[in-house]
Amino acid sequence: GDMLCRLKQYESSIMYYKKAVNNLRHAPKGTKDRATLQTYEGLSKAYLESGDKQKAIEAAEEVTKRFGKKYNGYYMLGKIYASDHLDDTKAIENFNKALDMDDTQLPVYASLSDLYKQKYDMVGMESTLKRGCLARPLDETMKVALGRLYLEWNDNGKTHYDKAEQVFKDLIGL
């Protein structure tokens with residue numbers, strides 16, 4: 001299923017994921033949860049890539065139902081709702097839930113800050129990147145992204161160069 005999805009063979013990918021769903025009961029105890037999580041995540045991604053967002057949502061919601069304390073399902077829901085701006089409010093809500101579950105996940109920060117950037121919501125982007133810098137204090141990627149935001153951010157002639165300078169000084173300290 002994963003390989004076929006990467007090859008953009010979505011119908012075949014979905015078929016294999018569905019077969020995996022039907023056979024999850026046979027998975028060994030030690031791997032059953034991981035296999036279930038990966039199967040539903042893959043199914044959601046394949047549906048999303050094929051354009052069937054409703055079924056992608058259903059598969060991602062299955063992940064949140066089965067693994068509510070893990071970030072994965074909420075991240076997938078955020079990605080689905082963010083795609084083609086299906087529902088930006090729900091996307092932001094789900095990305096934030098994903099971060100509430102695991103605030104160390106770089107892809108979630110990247111997706112959420114990209115969405116804010118597309119919406120020209122610099123305050124939301126700043127808040128996301130600051131949260132990422134706190135959760136990942138040794139991550140240069142987060143600090144560089146925050147510094148770049150401050151360099152590019154212009155509020156009706158007001159720049160944020162002083163904040164950028166401080167972020168880059170902190171980065172040099174790493």
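Author: Buried here means under 20% relative accessible area, exposed means over 50%, and partly exposed is in between, with a 1.4 Å probe and protein chains only. This is a predicted model, where local features need pLDDT of at least 70, side-chain atom pairs count only at pLDDT 80 or more, and totals for chains, interfaces and linings use all residues. Residues are numbered from 1 along each chain as its sequence is written, and side-chain values use heavy atoms, leaving out hydrogens and water.

Reader: OK, what share of the chain is buried?

Author: The chain has 174 residues. Using the cut-off of under 20% relative accessible area, the buried share is 41%.

Reader: Why does Q54 count as partly exposed?

Author: Q54 sits in helix 4, which covers residues 53-66. Q54 counts as partly exposed because its relative accessibility is 47%.

Reader: How many Å apart in space are Q54 and Y116?

Author: Along the sequence, these two are 62 residues apart. In space, going C-alpha to C-alpha, Q54 and Y116 are separated by 23 Å.

Reader: Of the contacts between residues at least 6 apart in sequence, what percentage join residues at least 24 apart?

Author: A contact means heavy atoms within 4.5 Å. Counting pairs at least 6 apart in sequence, the part joining residues at least 24 apart is 43%.

Technical notes: Helices (H or I, at least four residues) and strands (E, at least two) are DSSP runs, numbered from the N terminus.
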